[in-house]
Amino acid sequence: PYAQLYHEVGALPLLTASRYGSLHYFSGLLVAKERAKNAGISSLCDLKGKSIAWVSPTSGSGYLIPRMMMQSTLCDGSPIDPETFFGQQIMAGSPAAVIKAVANGQVDVGATWTDPPEAGTGAWNKYFGGIYGKTIKAIWYSDPIPNDTVAVSRTFRRNHPRVAMQVACVLANLHKDEVGLKFMLEAYTISRMVPAMVHLYEPMA
């Protein structure tokens, strides 16, 4: 993810992916509606001592972002420590596996990407043919997270500025080609690449 590249090579974002006209997405904590109702889970603080499925240690929406934001949330007057707050933590390996773990009752809550809060949709509506769309919901959303970025290291940008800009220009115009657009949509659900606003990625670094 960008945060890791930033610290390792001083990555600079050149382009941001646009999906369905949006330049950002969200992280959400998902629960099975019936299980959450029976356990009295309706907010982040209700998850103390519960089990959670993360995507992986390098996942932005499925690990890094929610854990970072939890630390600024007070429960019983104290900031949440993600290391000790949950009774059990597992790495599911993918957003789809997180959804499955929540749906099957393997864990109380799962973390992965969502659409904007007002949409009420996300990974649980998109995987497995949407069969969990009515049985899973999000009880917590992150602040907006900037979409995937095309980035280069500071060294490369400094030594090869022309090449960096040429690559950015090619990718920024790829959506104008029918074959290029089809590839982006099928591979990454990206409708186009737009110039990155660097300040949007600063909180992630």
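Arg 67 counts as buried, at 9% relative accessibility, in what is a predicted model. Its side chain meets that of Glu 83 in a salt bridge, with 2.4 Å from N to O. The pair links distant parts of the chain, Arg 67 belonging to helix α3 (residues 60-70) and Glu 83 to helix α4 (residues 82-85), 16 residues apart.

| Pair | N to O distance | Relative accessibility |
|---|---|---|
| Arg 19 and Asp 148 | 2.7 Å | Arg 19 19%, Asp 148 39% |
| Lys 126 and Asp 115 | 3.1 Å | Lys 126 47%, Asp 115 18% |

The salt bridge between Arg 19 and Asp 148 has its closest N and O atoms 2.7 Å apart. Arg 19 lies in the loop between β1 (12-18) and β2 (24-32), while Asp 148 lies in the loop between β9 (145-146) and β10 (149-152), so the pair ties together parts that are 129 residues apart in sequence. Arg 19 counts as buried because its relative accessibility of 19% falls under the 20% limit, whereas Asp 148 is partly exposed.

Lys 126 and Asp 115 also meet through their side chains in a salt bridge. Since Lys 126 lies in helix α6 and Asp 115 in the loop between β7 (109-114) and α6, the pair ties together parts that are 11 residues apart in sequence. Lys 126 is partly exposed, and Asp 115 is buried.

A covalent link is found as well, for the structure holds 1 disulfide, which joins Cys 45 to Cys 75 with an S to S distance of 2.0 Å. The torsion about this S-S bond is about -90 degrees, so the disulfide is left-handed. Cys 45 lies in the loop between α2 (33-39) and β3 (51-54) and Cys 75 in strand β4, so the bond ties together parts that are 30 residues apart in sequence. Cys 45 is partly exposed at 32%, whereas Cys 75 is buried at 10%.

Two backbone torsions deserve mention. Most residues other than glycine have a negative phi. Asp 76, however, has a phi near 55 degrees; this residue sits in the loop between β4 (74-75) and β5 (78-79) and is exposed at 74% relative accessibility. Phe 128 likewise has a positive phi, near 55 degrees, and is found in the loop between α6 (123-126) and β8 (136-141), where Phe 128 is partly exposed, with a relative accessible area of 36%.

Conventions. Residues are numbered from 1 along each chain as its sequence is written. This is a predicted model: local features need pLDDT of at least 70, side-chain atom pairs count only at pLDDT 80 or more; totals for chains, interfaces and linings use all residues. Side-chain values use heavy atoms; hydrogens and water are left out. Helices (H or I, at least four residues) and strands (E, at least two) are DSSP runs, numbered from the N terminus. Buried means under 20% relative accessible area, exposed over 50%, partly exposed in between (1.4 Å probe, protein chains only). A disulfide is a pair of cysteine sulfur atoms within 2.5 Å. A salt bridge is a side-chain nitrogen of Lys or Arg within 4 Å of a carboxyl oxygen of Asp or Glu.
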